[in-house]
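Visitor: I would like to learn how to read a structure of this kind. Please show it, and then take the features in turn.

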Amino acid sequence: MANEIIVPGSLCARLIDAGIITDAQLAEALEIQKTSKQLIGTILTQLGYCTEEDIARMLAKKTGFKYVSINEIGVNIAVANLITPEFALRNNVLPLYQEDDVVYVAMRNPNDILTVDNLRMLTGYEICPVVATDMELTAAIENFANMNNGVEDYNEDDDDIQVEAEDLDIDDKPAVQLVNQIINNAIKAGASDIHIEALEKSMRVRFRIDGVLQEIMQNPIKMYPAVISRIKVIGGMDIAERRIPQDGRATVKFEDKTMDVRIASMPTVYGEKVVMRLLERSNTQSVTIKDIRFSPRQFDRFNTAIHMPYGFVLVTGPTGSGKSTTLYATLAEISTIEKNVITLEDPVERRMAGINQVQMNNRAGMTFAAALRSVLRSDPDIVMVGEIRDSETAKIAVEAALTGHMVLSTLHTNDAPGAVTRLDEMGVEPFLTASSLVGVLAQRLVRKLCPKCKEEYEMSREELKKIIHDFDDYGYEGDTFKLYRAKGCLTCNNTGYKGREAVFEFLTVTEEMKRLILDRATVAEVKELAVKQDMKTLKDEGLYKVMEGRTSLEELIRVIV
């Protein structure tokens, strides 16, 4: 308890003076203490005469330090990582946040001068102790410590690998441990990417969580060469080559997960920047199109399109918008024992049972176009092409759809109507597109508001129209609207968001749409007809999720508007 380091009478006197407990309640607690050997504060809270917060606030007044609620302000992971989990557990302390050159540290004993001095030397910053409840501090420290279990089973033998980088200032053991910790933390946090980069005086580590980069830690620059070399070793890359970009990959087992790690390095002015993409192999087939949260008004159209006997279905969106997840979920939905399903991927991101997945290899001449020609001689029913990258692949995919196959693929366009004209620009004849294309799904990923801390507020129609200029076109009635915004708590790492979900628009190729395609209509003309035929646009769907309280207006603007 937080009252371990105080004189019980002094703290109790403050509780009595504040009217929190009575003399009789204190006397009862003191009687129990004679036989239980518990701290007086623990007894008072167990009896229900006061709360841990009451005791923490009284302790703060007595010591002159600030009281904070860790659940409300959260923990800045980058600041917490200034110390090791072992130090935090041993000394019951945790850095919470930083202002200028001062780090604010929650301490069970804020008067422990020795620990404060050690923290000052460890972090290089001035230390300001703060007081929190014992329950919140213990939970926060345990959460911090749990993020640092070792990652096991790299492609190589972990600790036996000797890093052969030249002129390293430190040995490789700390680098091995730090890389293990970074990857472990990223998996625990649900990060999709790890960025490790050299700054002028430090090494910065950032995670992409829910599509947004967050700084996790900064380490001394002397750690940087060994860390980069260690990552290159596990990725099978050349540690002596630092002048050109390199690619590598590794496999990591963590608890019950098997993760594929794709590694890319790029030289910068202060050294090589490394990005590691984390892809989970397991549990892919359990995801279906019903799990990726189509709105009811979008689901029926898409479901009808993918269950057609043949045709061409495209999924579009920028990198990281969830296209691959949608395709895998679609395959899980339409793949049966009676169908021969073949995928062409670069790389194979997730392994699925019951389908034939083919890895592209450009160096060996195994390109999408070459593989697609071969696949069509393998009696497929459904073909998934990872990405339409060139006109040759586009033409073959369209022709495959015309010859009785269901073809699924991705394309990089801003919206669904843009995919129609993009195929024309890639050299696919309009009559082929009109005959083969069944539909186009465009998507984006928006962060979901944290259910524990999202904050309700009201906004008038006029205020909304200043932000969403065409708001009146979406049919929402009323003069004021109840919305939600991000606040931040310990659960969501003080971001206000937890998890992501997709926003979709689906363009159905009708007979009238085919005539527009044949006439080489513009994107604006295609979009106008699609909306007329009740296509819900990305902005419309995003606003729908804002009105449901699933995401915020700010997130809609960041991702879509």
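Predicted model: local features only at pLDDT ≥ 70, side-chain atom pairs only at ≥ 80, totals over all residues.

Visitor: How many helices and strands does the protein chain have?

Guide: Helices (H or I, at least four residues) and strands (E, at least two) are DSSP runs numbered from the N terminus. The protein chain has 22 helices and 19 strands. Its C-alpha trace spans about 90 × 70 × 45 Å along the principal axes.

Visitor: What percentage of the residues count as buried?

Guide: Buried means under 20% relative accessible area, exposed over 50%, and partly exposed in between (1.4 Å probe, protein chains only). Of the 561 residues of the protein chain, 50% count as buried.

Visitor: Why is helix α16 described as largely enclosed by the rest of the structure?

Guide: Helix α16 covers residues 416–425, and seven of its ten residues are buried, so the helix is largely enclosed by the rest of the structure. Among the buried residues are Ala-416, Pro-417, Val-420 and Leu-423. Just after α16, Gly-427 has a positive phi of about 95 degrees.

Visitor: Which residues touch the most other members of the largest nonpolar core?

Guide: In soluble globular proteins, nonpolar side chains tend to be buried together. A nonpolar core is a set of buried Ala, Val, Leu, Ile, Met, Phe, Trp, Tyr and Cys residues joined through side-chain atoms within 4.5 Å. The largest one has 45 residues, of which Phe-312, Leu-314, Leu-344, Ile-388, Leu-507 and Met-513 touch the most other members. Helix α15 (residues 391–402) gives the most to this core, with six residues. Another core, of 34 residues, lies apart from it and includes Val-205, Ile-209, Tyr-224 and Leu-278.

Visitor: Is Asp-193 buried or exposed, and with which side chain does the side chain of Asp-193 make a polar contact?

Guide: A polar contact is a pair of N or O atoms within 3.5 Å; within protein, one must be able to donate a hydrogen and the other to accept it, and residues adjacent in sequence count only if both atoms are side-chain atoms. Asp-193, in strand β5 (residues 193–198), is buried at 5% relative accessible area. Its side chain makes a polar contact of 2.9 Å with the side chain of Arg-277. Ala-198 is also found in strand β5, and Ala-198 is buried, at 8%.

Visitor: Which residues is Leu-122 in contact with, leaving aside neighbours within four places in sequence?

Guide: Contact means heavy atoms within 4.5 Å. Leu-122, found in helix α8 (residues 113–123), is in contact with Leu-82, Ile-83 and Phe-87 on that basis. The C-alpha atoms of Leu-122 and Ile-83 are separated by 6.9 Å, although the two residues are 39 residues apart along the chain. At 48% relative accessibility, Leu-122 counts as partly exposed.

Key:
Residues numbered from 1 in each chain as written. Heavy atoms only, no water.
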